[in-house]
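Here is a brisk report on one protein chain. Keep the sequence and the model in view as you read.

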Amino acid sequence: MLKDRERKFQILRDSMFSLSFDMGGLIAGGLLESFSGLALRTGWSIALYPIVLTGRGALNGIEAARISTGLHLGTVKPTFRGNTKYYYSILASMVTLSLLMSLLMGSLAFIFSGATLEELPIILSTAISSQTIAIILIVPATSLAGHESFKRGLDPDAVVYPISSTVADIWATISYIIALTIAFGPSIINHIIASATVIFTLLVIVIFSREEEFRRTIRESFPTVASVTLISSISGFSLSSARKRIEETPGILTIYPAIIDTLGDCGAIFGSTSTTKLFTGLMEPSLSEISSRINELAQIWVAGLIYYFLYAIIGFSVGGSLRSFAIPLLVYSILFPLISLFTFSLAIVAFRKGLNPDNFIIPLETTMTDTITTVMLSAILSV
């Protein structure tokens, strides 16, 4: 009887555990604030950061979703050594997509920041270097989260991405700060790192080019990654334009990264569990099936609401105003149902078209969440 009750509320339990790691998003925000002089030094440096953060999260989302589903289906083993070709093809595709995304990131920052042509090489090398430094830790950390959660009887769909996304945010911010420090100092180091990354990626492509899963992941994921990077530029410039208003409400500045992380992770949990049910045949690819997911969706909502209430309290204690308390709860109340419906619809449409939803759901959902949340915060603060 007790075990049945535990299984009934497993999503709530796992979500509460995994969402607790989003509190670490405060570290990323604190780091950026500490080095704000470096990030604000040029137009392209502040424009590039949100694109880097969201883009890194998108790639991490693809890896987390593929590994989570693979562990359930048996196509991925919970180990680093002696794993399947499927698993290593996923890692190889992450390396390749990272370089392609870096080039796109740098190009967008160059175009929209009004930088001079002479700055283009350092912008591109900084984008590539920051992603290279980030991927060294984030890719194995995401795999480790999947392996250990599966071994311990936790649901990887509810655990892997929320945990790894927080690690990704913190380490991506550190990596970006390191890359900027080099860019405004001995910039030749960034050029060396970028060149080495290009050579290594070309070798990876040659080795895995015959693997169907590698080719499929690149083919299906690159349009998603490109769209994510383009959309995130809106988030970046929205954040840049609202920076003064956010700084005037210190409670919001403190909890901003955690707000975005938690809402995005709630949608990611729902999307990842939906994908697994589609692949295992436990759910039909129909929008009407969302009615059968209400119980799980409610558990995710409760878990997210508890953390948002904590963020509201922290915002109030730091900012000292009811606005700092109300804004997080208002954002969550409005956006949670919209993000959940978007995520579920995306999974159904992708599955119907014979595509792998894991290549689409988390990257697009987290990007939309980042962008919409930032725009909404800016709008509310302007009132």
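A residue is called buried under 20% relative accessible area, exposed over 50%, and partly exposed in between (1.4 Å probe, protein chains only). By that rule Lys 151 is exposed, because its relative accessible area is 53%.

This is a predicted model: local features need pLDDT of at least 70, side-chain atom pairs count only at pLDDT 80 or more, and totals for chains, interfaces and linings use all residues. Residues are numbered from 1 along each chain as its sequence is written, and side-chain values use heavy atoms, with hydrogens and water left out.

## Overall build

The chain has 15 helices and zero strands. Both are DSSP runs numbered from the N terminus: helices are H or I with at least four residues, strands are E with at least two. The radius of gyration is 20 Å, close to the 21 Å that the globule rule gives for 383 residues, so the chain is as compact as a globular protein of that length. That radius is taken over C-alpha atoms, and the rule is 2.2 Å times the number of residues to the power 0.38. The C-alpha trace spans about 65 × 60 × 35 Å along its principal axes.

Of the 383 residues, 55% are buried. Contact means heavy atoms within 4.5 Å. Among contacts between residues at least 6 apart in sequence, 83% join residues at least 24 apart.

The chain exposes about 15500 Å², and carbon and sulfur atoms supply 70% of that area. Accessible areas come from the Shrake-Rupley method with a 1.4 Å probe; for residues, only the protein chains shown count as cover.

## Charges and salt bridges

There are 25 positive and 26 negative charges, and their mean positions are 5 Å apart. Lys and Arg count as positive, Asp and Glu as negative; His and the chain ends are not counted. Each charge is placed at NZ of Lys, CZ of Arg, CG of Asp or CD of Glu.

Side chains of opposite charge can pair when their charged atoms come close. How many salt bridges does the structure hold? It holds nine. A salt bridge here is a side-chain nitrogen of Lys or Arg within 4 Å of a carboxyl oxygen of Asp or Glu. The table gives some of them.

| Pair | N to O distance |
|---|---|
| Glu 213 and Arg 66 | 2.1 Å |
| Arg 215 and Glu 212 | 2.7 Å |
| Glu 148 and Lys 151 | 3.9 Å |

The pair of Glu 213 and Arg 66 links distant parts of the chain, 147 residues apart. Glu 213 sits in helix α10 (residues 212–241), and Arg 66 in helix α5 (residues 43–73). Are these two residues buried or exposed? Both Glu 213 and Arg 66 are buried.

Arg 215 and Glu 212 both belong to helix α10 and lie three residues apart, about one turn of the helix. Arg 215 is partly exposed at 34% relative accessibility. Glu 212 is also partly exposed, at 42%.

Glu 148 is partly exposed, with a relative accessible area of 28%. A network of salt bridges links Glu 148, Lys 151 and Arg 152.

## Selected positions

Start with helix α14 (residues 322–352), which holds Ser 340. Ser 340 counts as buried because its relative accessibility is 3%. Beyond residues up to four places away in sequence, Ser 340 touches Phe 270 and Leu 297. Leu 338 also lies in helix α14. Leu 338 is exposed, with a relative accessible area of 52%.

Ile 259 is in helix α12 (residues 250–280). Its relative accessible area is 1%, so Ile 259 is buried. Which residues does Ile 259 contact, leaving aside neighbours within four places in sequence? They are Tyr 308, Tyr 311, Pro 328 and Thr 373. Pro 337 is 78 residues from Ile 259 along the chain, with 16 Å between their C-alpha atoms.

Ser 15 lies in helix α2 (residues 10–19). At 0% relative accessibility, Ser 15 is buried. Neighbours within four places aside, Ser 15 is in contact with Ile 269, Ile 300 and Ala 303. Ser 15 and Leu 322 are 307 residues apart in sequence, and their C-alpha atoms are 28 Å apart.
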